[in-house]
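I opened this entry to look up a helix pair, a ligand shell and the confidence values. My notes follow the model.

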Amino acid sequence: MQITNNHNVPENIFLAIREVQGEYTKADADFSISGLLDSPRIQVLRSRHFPGITEDITDGFKAWIGSVMHKHLSEKDAKRDGLLSSGHMFVTIQGKKIKGESDLYNENDHSVTDYKFTSVYALIYESRDDKFEEQLNGYAMLFRDLGLEVKSLKIVYFLTDWSKRKASREENYPKSPIVVKEFRLWTQEECEQFYSEKIYIHSTSQDLDDDQLPECTDEEKWQSETSYAVMKEGNKKATKNFSTESEANSFIEEKVKEGLTDKKKAKDKYYVQVRPGEAIRCNMYCPVKEFCNVYQKNKPTV
Ligand code: SF4
């Protein structure tokens, strides 16, 4: 992987981030839990074209912050009785060696915990919850394979963009930058069934040509929805956003009705501005987009 420094990050910081950027984390295993939960297309293209992938050092900034915090917590946890801090675990399913690295196992209450450094938005909208549940249950499967009982699963969210001001004013805003949330624990059979299917998809993808790889799902592309903004003529900001055009049009009709009885409002003119959804990961974050025929076909024209 080629790392650029397009924004002149000081050398000592560049070198520190460089240590974690582009780390290939499955060691000698066939797959990692996190790799199995990602898109097979991205995983295969990344592995095949690794030397040709280019990222800027600043693309690794968030991962670096998370890595520093994980390391710090891991050192502290390792010194406390009953806490098993992160370490590599392996299990063999369908003849494939699977690696996982959970952040914490608590021998006292038999809980598995993972630390996430994320945005308030991700917590409020539960945008990553399905993935977190799948990941935690992957770790539960590995711990059980080691002979350890698992009774509960938790994520500790560290909300990197948390605002005390918003917490005091907004009802649904988290009241603390550190939030603990429990997730559903699957049976061992459910875990093995789920991961067997993932292993099958990823294994069979390895035999396919680049252009034949299964397409990423909307979830994997971080596809945002098209929205319909009602704009008041002369204003730059939307009066209100809607997820369907008919809702936006109904809102305008209401405004027109209000204008019939209110002379001041009668002067206001509204129109609908369509804001197309976007494949955010493809356009902004995917490290293999240069090698992806789906992106090359659909990429936005400047
Ligand atoms: S560019 Fe988009 S479609 Fe292509 S591999 Fe990346 S996320 Fe998937």
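I looked up where α3 touches α8 and found Pro40, Gln43 and Val44 in α3 meeting Ile201, His202 and Ser205 in α8. Contact here means C-beta atoms, placed from the backbone, within 7 Å. By class, this contact has 3 nonpolar, 3 polar and no charged residues. I counted Ala, Val, Leu, Ile, Met, Phe, Trp, Tyr, Cys and Pro as nonpolar, Asp, Glu, Lys and Arg as charged, and the others, Gly among them, as polar.

The model is a predicted one, and local features need pLDDT of at least 70, side-chain atom pairs count only at pLDDT 80 or more, and totals for chains, interfaces and linings use all residues. Residues are numbered from 1 along each chain as its sequence is written.

Next I took the geometry. α3 and α8 (residues 188-205) pack at about 40°, with axes 10 Å apart; axes are lines fitted to C-alpha atoms, for helices over the stretch in contact, and angles run from 0 to 180 degrees between N-to-C directions. The two helices are therefore oblique to each other (angles under 35 degrees count as roughly parallel, over 145 as roughly antiparallel, 65 to 115 as roughly perpendicular, the rest as oblique).

I then turned to the ligand. Of the 15 residues around the ligand, Cys216, Cys282, Cys286, Cys292 and Tyr295 come nearest (C-beta atom, placed from the backbone, within 6 Å). The shell holds 9 nonpolar, 1 polar and 5 charged residues.

Last, I checked confidence: mean pLDDT (the predictor's confidence in each residue, from 0 to 100) is 92 for the protein, and 98% of its residues reach 70 or more.

Conventions. Helices (H or I, at least four residues) and strands (E, at least two) are DSSP runs, numbered from the N terminus. Two residues are in contact if their C-beta atoms, placed from the backbone, lie within 7 Å.
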